[in-house]
Amino acid sequence: MRGQADKQKKDHGGRQQTRLHPIEGRHNVLVKQLRGAFARGELTPDGHCAIEGVRIVEEALRSGLKFRAVFFSRSAEAKAQRLLPLIAAHVETLLLPNKVFAAVVPSATPQGVAALVRCREFSLEDVLAKANSGPLVAIAGIQDPGNLGTILRSAEAFGAGGAI
């Protein structure tokens, strides 16, 4: 029996289809891309970055970013129920065994939600054009991604026009 997140919906022909696709192993192409993006801290070959956690996935959805796939662990099926209505129909949604999910994401205590998302790109000219709307923050030599997140959130809170 599948969990409640394997909710069925009807396609255009009236047939039932599953929105949340169960994946049993690590050999799925999207699972490999997610693992590689987290491991290397780089974009996937098709330009997507890996994100993990309910809050950051919700923020990315609210920001209108384009998703390639969203991954849920079996223990996060309730979270999947809450997020699935917010995820565009063309985005692949995958349900992974807890062990596979934990092996793919870098967190010591994963929240059970991760995604491949295309981040917006801005040129230096785009950022400099925003200089009138607030100070610009120049960032260099960051070794801990958490520190970068803190700097960017603080810059936004103080009305920065952008970050370089």
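**Burial, contacts and confidence**

Q: Why is leucine 94 called buried?
A: In this predicted model, leucine 94 has a relative accessible area of 2%. Buried means under 20%, and leucine 94 is therefore classed as buried.

Q: Where does leucine 94 lie, and which residues does leucine 94 touch, not counting residues up to four places away in sequence?
A: Leucine 94 belongs to strand 6, residues 92-96. Beyond four places in sequence, its contacts are Leu20, His21, Ile23, Asn28, Leu30, Val70, Phe71 and Phe72. One of these, histidine 21, is 73 residues apart from leucine 94 in sequence, with a C-alpha to C-alpha separation of 4.7 Å.

Q: Which residues touch the most other members of the largest nonpolar core?
A: They are Val57, Phe67, Val70, Phe72 and Ile87, in a core of 19 residues. At least two residues each come from strand 4 (49-52), helix 2 (54-62), strand 5 (66-73), helix 3 (77-83) and strand 7 (113-118). Helix 2 supplies the largest share, four residues. A second, separate core has 17 residues, including Leu34, Phe38, Ala69 and Val104.

Q: Which residues does valine 70 touch, not counting residues up to four places away in sequence?
A: Valine 70 is in contact with Ile87, Val91, Glu92, Thr93, Leu94, Val113, Ala114 and Ala115.

Q: Why does arginine 74 count as partly exposed?
A: Its relative accessibility is 29%. Buried requires under 20% and exposed over 50%, so arginine 74 counts as partly exposed. Arginine 74 is located in the loop between strand 5 and helix 3, and its contacts beyond four places in sequence are Pro22, Glu24, Leu95, Leu96, Pro97 and Asn98.

Q: What makes isoleucine 142 partly exposed, and which nonpolar patch includes Ile142?
A: At 35% relative accessibility, isoleucine 142 falls between the cut-offs of 20% and 50%, and therefore counts as partly exposed. Isoleucine 142 is in the loop between strand 8 (136-137) and helix 6 (145-157). Together with Leu148, Ile151 and Leu152, Ile142 forms a nonpolar surface patch of about 270 Å² accessible area.

Q: Why should residues 1-17 be read with caution?
A: Over residues 1-17, pLDDT stays under 50. Where pLDDT is low, the predicted coordinates should not be read in detail. For the protein, the mean pLDDT is 85, and 88% of residues reach 70 or more.

Definitions and conventions. Residues numbered from 1 in each chain as written. Predicted model: local features only at pLDDT ≥ 70, side-chain atom pairs only at ≥ 80, totals over all residues. Heavy atoms only, no water. Patch = residues over 30% accessible without salt bridge, like charges linked within 9 Å, V, L, I, M, F, W, Y side chains within 5 Å. Areas by Shrake-Rupley, 256 points an atom, 1.4 Å probe, with all protein chains shown as cover. Salt bridge = Lys/Arg side-chain N within 4 Å of Asp/Glu carboxyl O. Buried < 20%, exposed > 50% of the residue type's maximum accessible area, 1.4 Å probe, protein only. Core = buried A, V, L, I, M, F, W, Y, C linked by side-chain atoms within 4.5 Å. Contact = heavy atoms within 4.5 Å. pLDDT = per-residue confidence, 0-100.
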